[in-house]
Amino acid sequence: MKRKKVIILALILMFISSSQALALKDNFDIIVVNSEDWIDVYSGIMYANLVGKPFNFITSREHSTRLPSLIDSKNVYLIESEKLPFVMGYKDTLEGRGFSVEEKISESGKNLNLELARDLDINNFVIIDDTYGYNAISVCPYAVVSKSYVLFADEENVDDIYDFLKNKRVKVLIYGYLNEEVMGKLKELEPEVIDYGDKFDNNIEMVKKYRQIRSIDQVTLTTGDFMELGLMRGAEPILFIGKDSVPEQVVGYVKGSGIKVGVLIGNELIRSAQSLKAKTGISVFLKFGQGSGAGAGSTAVRGLDLFHLPSYPLNVTVGDIAFNILTNELEIIYKNEVDTFSYFKPSIKVYVDDELVQTVGEKEPVLIDAKEERGSTYPVDLSEYDLGASKLKADIFLQYGESKKSMERTLDEELDINMVKIEDLSDIEIVDLGYDKDKNLLTIGIKNKGSSCYAKPTLTLTIMGDKTTVGGTDIYPITEKVIKNINFDVELSDEDLRANENVRVEILYGERENFLINSIGQGIALKVKEKGDLSSLFYPAIILLLLIVIVFLLVLVLRKKGKGEEKKGLGKTK
Amino acid sequence: MNSKRTFSLGLISIVTAIILFGFVFLTSAQQGATVTPGTPETWSGPSPGSTTAEGGNITEVNMSGVSQTIHWQGFWGQVSGSIALKDASNNTMYNWTVTTVSGNVYTSNQSTGISWSTLEAGEAGDCNNIVGTGADSCTNTFTAGTRSFIVAGNTISSVPRVQTFNYTGSGTFDEGILEKSGGGPPWVYVAEIYNNANTFKNGIADFQMIVPVNGTNTVTYYFWLELGV
């Protein structure tokens, strides 16, 4: 009997203690995040969504003073960044206001992201890159309705993520671009992959997946550049619109989707949202502000509390614009002001004395590299006009974006057109293309047949079966009448060399560095210098040998002379 | 032998339970928990947050005298022309034309998940559970009859209405109460936009509205407007 009592007591104790362990996760009413690291904030939000708790996050120091009055729950689970909190000691602040606080210190966003994943009992995961925030925003609603946790993966932590996932029976979705090494490692998990190479195409796919789970005719419209409290709850899918204009694929999707209402978050996006409304007929509600109070007063509406995320920088501008009288071409310089490449497509209306004469521009998007200044020319017929007495003006409408299909930004301005007289007499020829296996060096020889000029070569190679572009970024000066050798560091295997017996080379060139208005393109045979191949040393060796012979002969002659003078000297003294 | 074995099993179970208990407390300590098991706690509740609220003249609409109510919070603002909205960066300016926005301003204490295309007319007493059933109840506030509002292209009729006053005490700003399809929260308060109208403070605003609060806790309301064609 005594034994039975011991067993019953033990069982009761075990039940109580296991209940305690399970209740640890439920020991709070709300999650609050105090961190300027957006991955801390995002991870805290996704964790809260999956454990069914409300959340809030500090968006500024000022906001931190208002936040306690906006929390109506007693027990707070505070996630605070070790290195980047908005304010120090927020636990103390909250406790001073009467809250009970359990604190988790985050060493870094990605560490916290994986730690929280380990605390969850789920098998669905979405994996994304952490370079820009818009992917995280795009997947958030789907992650909430599909009960998936979002993991951030890169070369540094992919092994940890793989180790975490490999022993679980997981369903993985990879969204957007991940680099090759990360993709290679995660392929073993047999993930579903969504990556069309375009932010908007990927996002549309995400909206479709959400609506397969929860049928809804309302979406949130935004750009993915910030987090906002309501945005992150996953109540409806998030559809991206551009900052200044809506990409055509978004308009097309909305038209055929049955979506009736868009809720816009982002007061500066009104123009874009109006365009979507006009083209599709949906109703659009702008969530523009908020206000707080406890009664017995009135207050003005203030802006929403937004946590801004890293976004793809875009800024293309127009520099000089001139009409070249000698060539009858409009010359315009485009500038990419930021450190990332961009695509742009201009339309330029040319006015003479306020009369519209011609519209010129590009029919397809053009790539402009990071920090590049590039000139383009467009033929314009102004033969009827007395240019000496006329005023020329350009009305420029420039669309640009991260990819050819994402031309979401616009530039709209008017500029006066200057007159210039410049004839470009540059002329080049591709004379040689060789590969040194010893040094892994690809060398192209360019002969300048005309005046001093600048050249930007681009080579298309096949490396490991894939088409790869080499060059295409740097511009090289070439003095007149010389052959310039330009080197590229490229590692090519024997198989690669067999696939590149003939290489396509394209060179943009011109007398002015930012006006490479001429081009040459051809296929050229690749000459390979094998390892240990001494043939290139032949001529230097001959020259060296000749020099040695000349020196030897000189020495001989000098010695003979010296002996002869010695004999003469001896004779005299006798 | 049997009883020895049973006793051993029981002892092992007790030890396991103790270890589990110890683990729970240790984990709590590592996470910096401030709750000491067994220590009773009292919570005084959150202190009211500081706002830019001013002592207002929101009056009860059904009494002959004038007195302050703690159950209604007033909001006002501009939605056309140059608009300054205070945010983390101080004031951010927006410039919306009158044709950009049309119709109504909406507010709710639910930040997301409002199904705009299926809203229906609410009832005058919908927010009595927030403000109570006293003199300044919801029922005693939305007493200016009913009217229609157009929301997401749908005409919603018989919406209970309140009119808030301008500086001269004239009922100027129309406001109604909407609810989700089938009834119940979230309640959405809809206010017609009046271009540059005189407010109760003798200022200028495009909208002015009141929303229910319980008089104790700070509540956040969010604001929407519908884009015009």
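**Ground rules.** The model is predicted, so I noted that local features need pLDDT of at least 70 and side-chain atom pairs pLDDT 80 or more, while totals for chains, interfaces and linings use all residues. Residues count from 1 along each chain as its sequence is written, and chains are lettered from A and ligands numbered from 1 in the order written.

Entry 1: I looked up α10 of chain A, residues 248–257. Helices here are DSSP runs of H or I with at least four residues, strands are E runs of at least two, and both are numbered from the N terminus. Which residues of α10(A) are buried? I found A:Val250, A:Tyr253 and A:Val254. They span an arc of only 95 degrees around the axis, so they sit on the same side of α10(A). The arc uses directions from the helix axis to the C-beta atoms. On the other side, A:Glu248 and A:Gly256 are exposed. Buried means 20 or more other C-beta atoms within 10 Å of the residue's own, exposed means 12 or fewer, and partly exposed lies in between; C-beta atoms are placed from the backbone.

I then checked the packing. The buried residues of α10(A) pack against α9 (199–213), β11 (238–240) and α11 (270–280) of chain A. Contact means C-beta atoms, placed from the backbone, within 7 Å. After α10(A) comes A:Gly258, with a positive phi near 85 degrees.

**Entry 2: the sheet.** I traced four strands in an open, parallel sheet, ordered β2-β1-β3-β4 in chain A. β2 (55–57) and β4 (100–106) of chain A are at the edges with a single partner strand each, so one side of each has no neighbour in the sheet. Strands pair if DSSP finds at least two bridges between them. Seven bridges join β3 (75–81) of chain A to β4(A). In one of them, A:Ile79 has A:Lys104 as its partner in β4(A).

Key. Contact = placed C-beta atoms within 7 Å.
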